[in-house]
Amino acid sequence: MSPSETTTRGSGLAMLGSELALVLRRRRTWAMLIALAAIPVLIAVVVRIASDPPAPGEGPPFLDRVTQNGLFVSITGLVVTIPLFLPLTVGVVAGDTVAGEASLGTLRYLLLAPVERGRLLLVKFAGAAVFCLAATLSVVVAGSLIGALLFPVGPVTLLSGDTIGAWESLGRALLVALYVTVSLLGLTAVGLFISTLTVVPVGAMAATAVLAIVVQVLGSLDQLAWLHPWLLSEYWLGFADILRQPIVWDSFVDNALLQAGYVAVFGALAYGRFTTRDVLS
């Protein structure tokens with residue numbers, strides 16, 4: 001590896017580290033992570049103090065299994081947070097990636113340095129993607145801890161009827177968290193693109209969050225069944241196959257391919273906009 005390649009790689013890692021530090025040290029980021037973690041805690045507490053346990057089919061999926069095994073709290077928490085709360089927080093972070101820097105005037109100083117715009121854009125996306133993982137894990141970890149505290153924990157009966165041990169079920173929960181993280185990458189790319197269109201971060205955040213809601217509304221309309229396979233939310237709740245024995249990977253692969261398509265398309269649009277935009281004027 002040549003000295004120039006070594007320097008480039010080192011500067012790229014330094015930029016990524018700086019971006020992650022910027023995202024993770026914000027009070028807003030921690031407030032959103034705490035709010036997400038509070039959702040499974042609230043679910044567990046309500047179920048625990050309720051006079052009657054949830055009946056099968058009552059409430060969100062897996063809610064009726066919480067009293068039988070506390071490990072289902074994290075799964076129920078993800079089901080509840082996916083439609084609104086997770087897309088909302090991702091929209092805030094992704095919409096702020098470029099527009100936030102532009103509104104503060106720091107973007108021009110970043111680009112005055114010898115930094116390729118494409119690399120800077122990639123670092124911004126990577127920082128938002130790490131937040132997606134942190135957001136999902138906050139729900140899973142908080143749900144697992146409060147579930148173990150308030151309810152029995154033991155072997156878990158999967159949707160296929162097979163039983164696995166508690167540690168293996170925790171591994172399944174982490175796989176579900178990875179699935180949900182991948183599900184949010186397409187929305188992250190969309191938010192990144194919208195963020196390059198404006199210097200008003202609140203507008204980019206709101207537009208990304210509203211878009212997440214719109215695609216879910218479209219996905220609920222049977223009249224638009226032809227459009228559903230192309231909507232970024234199509235497989236958001238498709239992680240049930242991970243809770244079978246053996247694991248069926250079809251939905252995971254389909255979801256990853258769909259999200260990769262959104263990342264490629266909106267990443268290219270963001271790159272085209274960002275590399276031609278006069279941010280120094």
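1. Phe62 counts as buried, at 11% relative accessibility. The model is a predicted one. Phe62 sits in the loop that joins helix H2 (27–49) to helix H3 (72–81). Its backbone deserves a look: phi is positive, about 75°, although Phe62 is not a glycine. Most residues other than glycine have a negative phi.

2. The peptide bond from Gln245 to Pro246 is cis, with omega near 0°. Most peptide bonds are trans. Pro246 belongs to the loop between helix H10 (201–219) and helix H11 (250–276).

3. Next, helix H3. Nine of its ten residues are buried, so H3 is largely enclosed by the rest of the structure. The buried set is Phe72, Val73, Ser74, Ile75, Thr76, Gly77, Leu78, Val79 and Thr81. What do these buried residues of H3 pack against? Their partners are H2, H4, H7, strand S1 (156–157) and H8.

4. The packing of H3 on H7 can be described in detail. The two axes come within 7 Å and cross at roughly 140°. H3 and H7 are therefore oblique to each other, since only angles over 145 degrees count as roughly antiparallel. The crossing of H3 and H7 is right-handed. From H3, the contact uses Val73, Ser74, Gly77, Leu78 and Thr81. From H7, it uses Thr136, Val139, Val140, Gly143, Ser144, Ile146 and Gly147. By class, the H3 contact with H7 has five nonpolar, seven polar and no charged residues.

5. Helix H7 (residues 117–150) also meets helix H9 (residues 185–195). Their axes come within 10 Å, with a crossing of roughly 140°. That angle makes H7 oblique to H9. The crossing of H7 and H9 is right-handed. On the H7 side are Leu121, Lys124, Phe125, Ala128, Ala129 and Cys132; on the H9 side are Leu185, Thr188, Ala189 and Leu192. This contact has eight nonpolar, one polar and one charged residues.

6. The largest nonpolar core has 55 residues. Which residues have the most contacts inside it? They are Leu86, Val176, Val180 and Phe239. The elements giving two or more residues to this core are H2, H3, helix H4 (85–96), H7, helix H8 (166–183), H9, H10 and H11. Apart from it lies another core, of twelve residues, including Leu121, Phe125, Phe193 and Phe274. In soluble globular proteins, nonpolar side chains tend to be buried together.

7. Setting aside neighbours within four places in sequence, Leu86 is in contact with Leu36, Leu78, Thr81, Ala135, Thr136, Val180 and Leu184. Val180 is, like Leu86, among the residues with the most contacts inside the largest core.

8. Last, Gln216. Its place is in helix H10. Is Gln216 buried or partly exposed? At 23% relative accessibility, Gln216 counts as partly exposed, because buried means under 20%. Gln216 and His228 are twelve residues apart along the chain, and their C-alpha atoms are separated by 9.4 Å.

Conventions. Residues are numbered from 1 along each chain as its sequence is written. This is a predicted model: local features need pLDDT of at least 70, side-chain atom pairs count only at pLDDT 80 or more; totals for chains, interfaces and linings use all residues. Side-chain values use heavy atoms; hydrogens and water are left out. Axes are lines fitted to C-alpha atoms, for helices over the stretch in contact, and angles run from 0 to 180 degrees between N-to-C directions. Helices (H or I, at least four residues) and strands (E, at least two) are DSSP runs, numbered from the N terminus. Angles under 35 degrees count as roughly parallel, over 145 as roughly antiparallel, 65 to 115 as roughly perpendicular and the rest as oblique. A crossing is left-handed if the near helix is turned anticlockwise from the far one by less than a right angle, and right-handed if clockwise. Contact means heavy atoms within 4.5 Å. Ala, Val, Leu, Ile, Met, Phe, Trp, Tyr, Cys and Pro count as nonpolar, Asp, Glu, Lys and Arg as charged, and the others, Gly among them, as polar. Buried means under 20% relative accessible area, exposed over 50%, partly exposed in between (1.4 Å probe, protein chains only). A nonpolar core is a set of buried Ala, Val, Leu, Ile, Met, Phe, Trp, Tyr and Cys residues joined through side-chain atoms within 4.5 Å.
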